[in-house]
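The sequence and the structure come first.

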Amino acid sequence: MVNGPDRGLGSRTVQGGYARSQAAEIDAGLRAHMQKVYAYMGGGLALTGIVSYFIGSNEALMVSIWSSPLRWVAIFAPLGVAMLFGFRIQAMRAVTAQALFWGYAALMGISLSIIFAVYTDASIVKTFFVTAATFMAVSLYGYTTKKDLSGMGTFLFMGAIGLFIAMIVNMFLQSSALDFAISAIGVLVFTGLAAYDTQKIKEFYWEADGHEVATKKSILGAFALYTDFINLFLFMLRFLGNRE
C-alpha cells in the first residue's frame, strides 16, 4: 500500500512530467511556426530578386517602365498593397493574404529593378549577403533574448517615420551630409526593427490557433520581416553599393 507522502510525490512527478511534455509541444510548435514565417519571407525575397533582376537586366523593359507613367505604378503600387495588407489582414482569408503577399513581393521586384541601373551587379550581390548576415544575427537575437524589446518598438517606428520625412526633405535640399545621416540612422532603425519584430512574432504565437489563424499570423510575420530586410538592404546599399 502506498502511503500519503508517496502518493503526493507521485502526483507531483506526474504533473511535472505533463508540464514538461506540454512545454515541449509548445516549443516544437513555436519552432514550426517560426520556420513557416522564415519560409514565407525567404520565398518573398526570392520572388522579388527574380523579378527585379529580370527587369533590371532587360533594357527594353527598364525603358518602358521607368521612362513612362508606369514608373509611378512601380513606385506607389507596393505602398498601396502594403496598406491594404496591414488594414485588412484580420478580415481576409488566409489564401487571400497569401496571394496578396506574393503580389506585394512581385511589385517590390518591379520597384527595386531601378537599383540595377544605379549600382553595379557585384555590389548589389555583396550588399545582399552582408544584409542577410546582419539580419540573421539580429533576428536570432530577437528570438533568443530574454530582454523585453517592446519598449523600443514605438521609438523605432517613430524613427522610421522620421526617416521617410527626412528623405522627402532631402529630395529638395540634396544635402550629402543629411543623406549620410539618413543612411546611417536607417541601418540602425531597421536592424532594431528586425529584432523587435522577431520577438513580437514569437510572442504572438499561440499553440491553440487553428490553421486559418496560424497561417495568417505566419504571413503577417513574414511580411514584417520581409519589409525590415528590404529596407535594411536599401540603406546598406547606400554605403556599400558602387554606382554604375
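With which residue does D179 form a salt bridge, and how far apart are the closest N and O atoms? The partner is R238, and the closest N and O atoms are 2.5 Å apart. D179 lies in helix α8 and R238 in helix α9, so the pair ties together parts that are 59 residues apart in sequence. The model is a predicted one.

**Fold**

The chain has 9 helices and 0 strands. Its pattern along the sequence is α-α-α-α-α-α-α-α-α. Of the 244 residues in the chain, 37% are buried.

**Salt bridges**

The structure holds 4 salt bridges, and the table gives some of them, including the pair described above.

| Pair | N to O distance |
|---|---|
| D27 and R31 | 2.3 Å |
| D179 and R238 | 2.5 Å |
| K217 and D209 | 2.7 Å |

D27 and R31 are both in helix α1, where they are 4 residues apart, or about one turn of the helix. D27 is partly exposed because its relative accessibility is 35%, a value between the limits of 20% and 50%. R31 is also partly exposed, with a relative accessible area of 41%.

In the pair that joins α8 and α9, D179 is partly exposed at 30% relative accessible area, and R238 is partly exposed at 32%. D179 has a further relation in space: its C-alpha is 7.7 Å from that of M167, a residue 12 positions away in sequence.

K217, which forms its salt bridge with D209, is partly exposed with a relative accessible area of 26%.

**Nonpolar surface patch**

Ten residues are named in what follows. F157, M158, I161, F164, I165, I168, V169, M171, F172 and L173 form a nonpolar patch on the surface. Their accessible area together is about 1,100 Å². One of them, V169, sits in helix α7, which covers residues 150–173.

Q174 is in the loop between α7 and α8, the latter spanning residues 176–204. The phi of Q174 is near 55°, a positive value in a residue other than glycine. Most residues other than glycine have a negative phi. Q174 is exposed because its relative accessible area, 61%, is over 50%.

**Second largest pocket**

The second largest pocket has a volume of about 370 Å³. It is lined by 17 residues, of which G49, F116, I124, F128 and F233 are the closest to its centre.

Which helices each supply at least two residues of this lining? They are α1 (4–56), α5 (115–118), α6 (121–144) and α9 (211–240). Helix α1 gives the most, with 6 residues. By class, the lining has 13 nonpolar, 3 polar and 1 charged residues.

How values were computed. Residues numbered from 1 in each chain as written. Predicted model: local features only at pLDDT ≥ 70, side-chain atom pairs only at ≥ 80, totals over all residues. Heavy atoms only, no water. Patch = residues over 30% accessible without salt bridge, like charges linked within 9 Å, V, L, I, M, F, W, Y side chains within 5 Å. Areas by Shrake-Rupley, 256 points an atom, 1.4 Å probe, with all protein chains shown as cover. Salt bridge = Lys/Arg side-chain N within 4 Å of Asp/Glu carboxyl O. 1 Å grid on protein atoms, 1.4 Å probe; cavity = no way out; pocket = protein on both sides within 12 Å on 5 of 7 lines; lining within 4 Å. Points joined across faces, edges and corners; volume = space filled by probe spheres on them. Nonpolar A, V, L, I, M, F, W, Y, C, P; charged D, E, K, R; others polar. Buried < 20%, exposed > 50% of the residue type's maximum accessible area, 1.4 Å probe, protein only.
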